[in-house]
Amino acid sequence: MRKNTFTLLVGLLLISLYKTNAVNLDEKVTDHFSGSRHTNNWAVLVCTSRFWFNYRHIANALSVYRSVKRLGIPDSQIILMLADDMACNPRNPRPGKVYNNKNEAIDVYGSDVEVDYRGYEVTVENFIRVLTGRLPPDTPRSKRLNTDDRSNVLVYMTGHGGEDFLKFQDAEEIANVELADAFEQMWQRRRYNELLFIIDTCQAVSMFQRFYSPNLVGIASSQIGEDSLSHHVDPAIGVYIIDRYTYHLLEFLEKVKPGSSKTMQQLMKVCPRHQCISTPGYSTHLFPRPMNQTLISDFFGSVRTVDLSDDVIKFKPRKTSQGDSPPLKTSPKRSYFSVDQFVSTFPIIKKDPHPMASSASLVLLLIIFSFIIRSLCDFE
Amino acid sequence: MTNLFVIISCGVLLRTWLLQLKDLTKWISKRPEVSTPQTSWSRLVEGFVISKQTGNVHSGDSYHGSTLLSAFLFHLQALSPLLVPAVFIACDVIAAISLHNFAKKFLQKELDDQNSHKSKLSKGVDSILLKLHHLENVPTLVALIYLFNPFTIVTCISQSSVAFNNLFLALYVAHLMSGSSIATTLFLALSTYETFYPVQLIIVAMLCQHKYQKEGNRNAAKPLFCFIFWLLILFLVSYLREGSLESIFSHYKFILTVPDQTPNIGIFWYFFTEIFNHFQTFFLFVFQINALFFFVPLSIKLRSHPICLMFILTCIISTFKSYPCVGDATLWISMLPLWSHTFKYQRQPLIVTVMLLTTTILCPVMWHMWIVAHSANANFYFAASLAYTTSHIFIMTNTVMAYLKWHYHIRKGVRLNLDGSTEKAVLRLMN
């Protein structure tokens, strides 16, 4: 009796220890990094400027595109909107290539770039339609933002902006209220779980000041009244090829590997005033989680959380309304070597001719011949 | 007779020489002016092979002729490959002989008619009357033109089934004068069974029965019943062969609904490629009525001239049918010498003849420019074929009008004044 109780107590202690260990491990993990509910990552990268001298805006967007792809978001989940074509621009002395640094080390265009909205397709209307999902039914998948309520979306915009607006293509503008309303539509239709909005333009902070939907983070390259400046000229190309904020953002992102544990707080330390000349601005009041506990890879990468389990799961046949799903039929494999072997397996639907058919046709033929010969005899 | 023998032997020799030029026959049988979806030899072969699989010779949408003809020709081919060209040459020869005979009988009848009505003829019309030398020369001329017409030669060497159609129609016209309505309607039924349009010619058979037969035999309905009888026999035999009437229906449906718009020298294809779908049925009716309705007013007008009616109906059929080819035209072109005594009253015969020749040459040229050289388009070809059709229309209307004018003038005199008197009017110019 005493032996039994002793072993029971020891067993219970061991079990409780084991259990507490497990609980501690989980808590350790979750304590350090607050888990995000998202299951997939999307990115919308927009360059709104056209013309050769706005080369740097295209290079901005393409650099972020390249980083985001490298960190794991597939092309099918990236909407890249470029308002002009720099790579094949006749003024480009490096045809087919776009560089973001004067050392021309990385070609951010490459051969695997997939531009979804190009040239004059980059309009305010198309941008808002992409965000809200209100596209014509014949729009292909590559041009749709097929997010759901568990998608984390990164929206990066660059171009020329002013106070409360962003210029599209030198012809129209999107206002900050419109952008805020678009994000609200997205929230109401459950089209994002969390959204990171990065904007690199002049007076960029004004663009996220009107946000009112939950789970939004905003990062802007300059305050109201400030201009975001370009970084440097590539003398071989002849134009400014990158903006300051994006240059430093890329410097930061180049050190990020997929599965990295860098936080958003570290991202927000990128490009301080002495480097950027403009003061970056941030908006985190709509975001539930603290920045120092939110991973960059929640937005920039496509990291899947993997649960390892030793349990064995049995898949049962699906019960449908018509009963169980039918078992798989495996037909015997046959190989054919020529068409007529295949054709001969078709049933021939020929009707048998009447037994009198051939005799009837012969009789008819004879009648016709006799008439012809008779008429010939009559003629001569 | 010896003339006819010489002509026939020359025609046969010419055809046998041309038939052994394989490149020529292959090229000609591909030309759209010569072979249509209904008449093409290669389509016939394909249709017969398909009928072995499915029992219906039309099921591959390739061959669109009649089932009995395809069966006959293919069995001939199976017997010996040389038989088929021989049969086509024989078709031409028999058709030429029939037309020769027909011309002789017709002109004899016309001459007898003319002589019996000598009292009604006006004075001074001797120059335009039908004479004996017509009777001697014209039949030979008819056979000559039929055998040596390039249209006929081309039809023969391309093995297009229009040769059979021409044979049946030639035998039909040859029997029109003889009074044997069974023979007449047999050949007309064969021709109608192959292509639907000659059904209009039954009116001619009925009118001929009325005009040319003796008093006791004048039952105008007899040809109609014989025709229906022969047609039913033909349908019955093809039904027995194929096991269903589906083939016959699809054959006539193809002729009447014109689903195939490959270019030919007709008027259907160009129009039906460009009209909107919701007008298609309407214009189908319009075009088919255009081809099928003219026999009503013409038979009323030409009721006492049934052969002239037959001529113009043959012209109308060959011009306005849904898939015409040059072989259709050769039959009535060879009948033109029958009215040589009326040529004086034709309007602009030279222009119209030259128009026919020019457009015949122009059509292949435009085809080459369109299809081979890519420097023209369908409009060029259609314009040339439209001019060809117009020349046909001019010739047929000229001929019939000249014939009717001739009939008028032999009663009223050769020279006429406005008031009907035969005095001369002299115009004096004022200074």
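Strand E8 (residues 194-200) of chain A runs parallel to E9(A), and five bridges join the two. Within this pair, A:Phe197 is placed opposite A:Gly218 of E9(A). The model described here is predicted. Both strands belong to an open sheet of seven strands in chain A, whose order is E3-E2-E1-E4-E8-E9-E12 and whose pairing is mixed. The edges of this sheet are formed by strand E3 (117-118) and strand E12 (281-283) of chain A; each has a single partner strand, so one side of each is left without a neighbour in the sheet.

A second open sheet in chain A consists of three strands in the order E5-E6-E7, with antiparallel pairing. Strand E6 (residues 165-168) of chain A is joined to E7(A) by four bridges in the antiparallel sense. In this pairing, A:Phe168 faces A:Glu172 of E7(A) across the two strands.

A hairpin is also present in chain A, formed by E10(A) and E11(A) with six residues between them. In its turn, A:Gly238 has a positive phi of about 105°. The pairing of E10(A) with strand E11 (residues 240-243) of chain A is antiparallel and extends over three bridges, with A:His232 standing opposite A:Ile242 in E11(A).

Over all chains, the structure holds 15 salt bridges. One salt bridge is formed by A:Arg273 and A:Glu226, whose closest N and O atoms are 3.2 Å apart. This pair links distant parts of the chain, the two residues being 47 residues apart. A:Arg273 lies in helix H7 (residues 273-276) of chain A, whereas A:Glu226 is found in the loop between strand E9 (216-220) and strand E10 (230-233) of chain A.

Between the two chains, 21 residues of chain A are in contact with 31 residues of chain B. The area buried between chain A and chain B is about 2,200 Å², and carbon and sulfur atoms give 76% of that area. Of the area that chain A buries against chain B, 28% is supplied by A:Leu364, A:Phe371 and A:Phe379, more than by any other three residues. The residues on the side of chain A that touches chain B comprise 14 nonpolar, three polar and four charged residues. Zero salt bridges are counted between chain A and chain B, and one residue pair is in polar contact between them.

For chain B, the unreviewed UniProt entry lists a signal peptide at residues 1-18. In the model, residues 1-18 of chain B are 94% helix and 0% strand, with end C-alpha atoms 26 Å apart. The feature "transmembrane region" is placed by UniProt, again in an unreviewed entry, at residues 78-99, 224-240, 279-300, 350-373 and 379-404 of chain B. Among these spans, residues 224-240 of chain B are 100% helix and 0% strand, and their end C-alpha atoms lie 24 Å apart. Residues 350-373 of chain B are 96% helix and 0% strand, with 33 Å between the end C-alpha atoms.

Methods: Residues numbered from 1 in each chain as written. Chains lettered and ligands numbered in written order. Predicted model: local features only at pLDDT ≥ 70, side-chain atom pairs only at ≥ 80, totals over all residues. Heavy atoms only, no water. Contact = heavy atoms within 4.5 Å. Buried area = accessible area lost by both parts, 1.4 Å probe. Salt bridge = Lys/Arg side-chain N within 4 Å of Asp/Glu carboxyl O. Polar contact = N/O pair within 3.5 Å; in protein donor to acceptor, adjacent residues only side chain to side chain. Nonpolar A, V, L, I, M, F, W, Y, C, P; charged D, E, K, R; others polar. UniProt positions renumbered as here; feature names shortened; annotations may be inferred. Pairing = 2+ DSSP bridges.
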